Amino acid sequence: MPRDLQHFILNGLGQPDAFKAKGGGSTKRPNDVPDRAGHAQALLQALDALPNIAAEHRPGLYLEVQGRPGEVMITGGLNASDLTLLRAEAGSDDNGLAHATVFATAEGLDKLRTKIAEFAEKNRTKRDGSEGRPYHANLIQSIGAIVEAGLRALWRSPDRTFPEGDGVSPWEVWLEKSQAAAFIARSAEYGVVVGADRLEFPEDIVVIATATRDALALAVRRLAGVKALASPTITADFFDAMEIEEQAEWLSVLQGAATYVANDDPNYITLLDRGVGRAHPLIAPALSINDRHAADPAWGVEDLVGHGTQLAGLSLYGDLTVVLQNMAPIQIRHRLESAKIIPDVGHNPHYLLGAMTRAGINAVEVSADRRRTFAMASTTEDDTPHDGAPTSWSSEVDQLAAGVSGTKNIERLILISAGNTDQNLFGNDDYLQTSHLPDNEIESPAHAWNAVCIGAYTEKNVLPAGEPGIVVAPVGDLSPSSRTASWLSHWPIKPDVVMEGGNWLANGAPPPMKHSALSLLTTDHQFPVRAFTTCGETSAATALAARAITELWSDYPQLWPETIRALFVSSARWTQQMRSHLPPNPAKGDYGRLFQRYGYGVPDMERARRSASNALTLVVQDTIIPYRKSDNPSAEHVHNEMKLFELPWPVEELRKLTNTPVMLRVALSTFMQPNPSEPARGSKFRYASHNLRFKLNRPNEGKAEFLSRISKIAELPDGPVVDEDDGWMFGRNRRDVGSIQIDELTCAASDLARRNILAVHPVSGWWKTKTVGDPENLSARFALVVEIDAGTVEAELYAEVQTAIENLAAVATTI
């Protein structure tokens with residue numbers, strides 16, 4: 001008889017080290033137990049001692065099934081009838097215990113209980129009619145004990161690598177494919193942070209999670225879906241450290257997995273950098289020999305430094321660390337262009353920075369008409385600190401985006417890196433505090449109103465086994481390399497979003513160091529000498545953002561740059577780690593520091609695509625004439641019109657939901673024309689040609705009352721805004737800045753049913769001044785994205801709203 005099975009009941013972490021040997025079971029039949037009834041009774045007692053699945057609302061139990069000393073374990077019966085065999089190992093010697101890890105649903109436990117009872121009470125009948133062996137004898141006699149399994153029972157890496165202590169550790173989590181989404185969605189509730197990278201295999205989804213042992217054990221027990229745990233050992237350092245011969249083997253496999261989809265009208269990522277090399281076989285298929293240009297015709301187009309080629313690899317494939325492990329088929333739909341704007345020797349004088357950017361854009365645009373995402377990871381600290389005020393370079397970027405500069409009069413989608421911090425400024429203090437010093441302010445021209453500024457966050461915290469030191473940034477927080485906004489005034493929210501930019505290593509005395517394991521893997525310009533290299537910081541983040549936003553635009557090529565910008569930025573959310581810096585019940589002003597560090601957070605491309613295609617999201621592209629001449633010839637121009645949208649809310653369904661909370665998120669995007677004259681530099685109303693705002697009526701506010709309120713707000717003089725208690729999360733002080741405004745509110749569904757009038761209206765801009773002679777001839781494009789999130793009841797809302805959206809039209813109303 002095994003020792004008292006009650007002693008084996010575990011709570012996920014305290015179990016003994018079990019899995020020592022590799023291998024499965026055997027077809028050898030186990031020896032008969034000397035006390036059949038007692039053996040069955042002991043196993044039934046073990047099942048009785050397990051947690052109550054129904055009472056704890058658990059989807060099932062992870063079981064560690066231990067064999068009998070010196071016996072093989074027959075595991076076939078542990079992988080049927082609502083029992084899933086996850087792992088099986090033979091004993092390490094003749095007296096060792098075999099072990100199996102099994103996931104059992106409530107039905108599976110009942111069936112196992114039935115098999116044990118039948119073993120105790122029933123015998124099979126042989127062909128000759130005589131009495132045979134007990135039912136399920138091979139299975140039941142091979143089991144020595146049944147206990148609830150802990151994390152070690154799921155561990156597939158060497159025992160020595162199992163995380164010890166109570167601290168936070170990275171874990172490689174293997175998930176059942178059908179249950180992966182549910183585990184990922186709810187894991188944060190238990191303190192488990194799941195990274196964005198995914199490895200997808202025929203039957204598994206593999207993610208990297210960060211958690212304490214206690215937190216992960218609780219998530220595994222409550223959520224299920226976990227098939228195995230392992231030590232995350234593959235980092236960019238693994239591939240970067242390879243000899244070229246071994247890199248070449250990986251490269252060859254990756255080439256075989258990549259397909260460059262034929263398209264007569266593809267989207268392009270145009271890298272405004274130091275040039276891009278075409279020698280690399282991962283780049284040449286996507287970069288035509290005729291699509292490399294230079295701002296100065298006397299410059300060459302090759303990449304002699306490596307920076308542009310590194311960004312090219314990331315903008316095509318993303319982080320190759322993930323791609324090389326996944327090896328799933330890759331479809332590349334977009335293409336590359338290169339415009340060298342930085343000379344190979346020396347640098348551009350400060351006064352030429354804007355001109356060289358324009359010249360680079362002109363050089364590519366004269367070659368062909370294309371949908372382009374311009375990505376620039378080049379900034380200057382010469383204008384720092386600017387405290388958010390326009391500079392000559394940022395103003396030129398605003399002009400280029402608005403289509404009033406350059407040889408072609410077209411709106412442009414431009415992404416710019418936030419700029420990188422100086423690691424020598426960091427000591428042993430909290431790096432988040434150091435990142436807000438004026439010396440680490442977002443560099444020009446990334447604060448341009450119309451450009452999308454890309455900061456960096458990180459989910460990389462895995463060091464090679466035995467590597468000394470600790471990572472600087474927690475998973476899901478600001479990358480130490482990313483600059484932040486020093487202003488909380490009326491200048492735009494920057495960065496707009498953050499993408500993966502890698503982490504730093506603290507190893508002894510400051511300053512912290514960069515480490516290839518905490519970086520991203522990409523293409524090396526030295527090919528064929530080297531195939532892969534590492535890259536990071538806000539340059540890498542900008543390349544990843546360019547890839548994501550261009551893939552979105554490839555899905556919806558009919559949308560304007562302003563609209564793609566709105567969908568991309570509005571899809572972003574703060575990670576749980578970012579939100580941990582908020583107080584328990586945050587007020588509007590508490591979000592300021594998060595905006596300074598992370599902008600709107602990490603983009604979610606699934607959400608962005610859903611917003612672009614789902615009838616529960618309104619996507620409007622329209623124009624407005626903001627101003628007209630006053631009837632008084634000596635007076636300044638006046639506001640001309642607003643656009644009213646009768647939102648096609650599913651009123652009946654919303655009323656049925658009564659007090660169910662529903663989230664409404666609104667994004668308004670326009671490209672304004674800048675006026676960087678000295679008097680205008682201190683005023684958002686004098687720098688921008690036009691400023692647009694959105695307003696939503698209140699639950700009991702009719703159209704006439706609503707229009708009257710808006711007219712009064714539009715005429716308010718420049719000055720500080722007092723936020724109203726109107727339910728919006730961020731409030732007017734943070735929303736009504738720059739040329740993209742985003743806010744959200746959560747209210748009862750029945751209240752939202754009565755809030756169905758949304759207005760887009762102008763406030764002051766320099767087009768409104770008397771220096772503009774014909775304001776009636778100046779129209780502005782805008783994109784409006786309105787999203788409803790009703791959680792699990794979206795399906796009911798969808799049907800009612802779809803037809804109404806198709807008939808939606810804006811009504812122009814004179815102010």
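Okay, housekeeping before anything else. Residues are numbered from 1 along each chain as its sequence is written, and side-chain values use heavy atoms, with hydrogens and water left out. Because the model is predicted, local features need pLDDT of at least 70 and side-chain atom pairs count only at pLDDT 80 or more, while totals for chains, interfaces and linings use all residues.

Let's start in the middle. The largest nonpolar core has 83 residues. By nonpolar core I mean buried Ala, Val, Leu, Ile, Met, Phe, Trp, Tyr and Cys residues joined through side-chain atoms within 4.5 Å. Buried is under 20% relative accessible area, exposed is over 50%, and partly exposed is in between, using a 1.4 Å probe and protein chains only. L320 and F568 have the most contacts inside that core. Helix 13, residues 537-555, gives the most to it, with 10 residues. Helices here are DSSP runs of H or I with at least four residues, strands are runs of E with at least two, and both are numbered from the N terminus.

So who does L320 touch? Leaving aside neighbours within four places in sequence, L320 is in contact with L254, L282, L521, T522, T523 and F532; contact means heavy atoms within 4.5 Å. Now look at L316, in helix 8 (residues 307-317). L316 is buried, at 0% relative accessibility. L316 and E551 sit 235 residues apart in sequence, but 9.9 Å apart in space, C-alpha to C-alpha.

Back to helix 13 and its partners. Two packed helices are described by the angle between their axes and the distance between the axes. Axes are lines fitted to C-alpha atoms, for helices over the stretch in contact, and angles run from 0 to 180 degrees between N-to-C directions. Helix 13 and helix 17 (residues 605-613) pack at about 25°, axes 11 Å apart. That makes the two roughly parallel, the term for angles under 35 degrees. On the helix 13 side we have A548, E551, L552 and D555, meeting M605, A608 and R609 in helix 17.

With helix 14, the axes come within 10 Å and cross at roughly 120°. A545, A548, I549, L552 and W553 of helix 13 make that contact with P561, I564, L567 and F568 of helix 14.

Last topic: salt bridges. The rule is a side-chain nitrogen of Lys or Arg within 4 Å of a carboxyl oxygen of Asp or Glu, and by that rule the count comes to 43. One of them joins R781 and E562, at 2.9 Å, N to O. This pair links distant parts of the chain, with R781 in strand 35 (residues 780-789) and E562 in helix 14 (residues 561-570), 219 residues apart. How exposed or buried are the two ends? R781 is partly exposed at 23%, whereas E562 is buried at 2%.

And then there's D736. It bridges to R693, closest N and O atoms 3.9 Å apart, and also to R732, at 3.7 Å. D736 is buried at 7% relative accessible area, R693 is buried at 4%, and R732 is buried too. R693, R732, R735, D736 and D743 are linked in a network of salt bridges. That's my tour, thanks.

Methods: Parallel < 35°, antiparallel > 145°, perpendicular 65-115°, else oblique.
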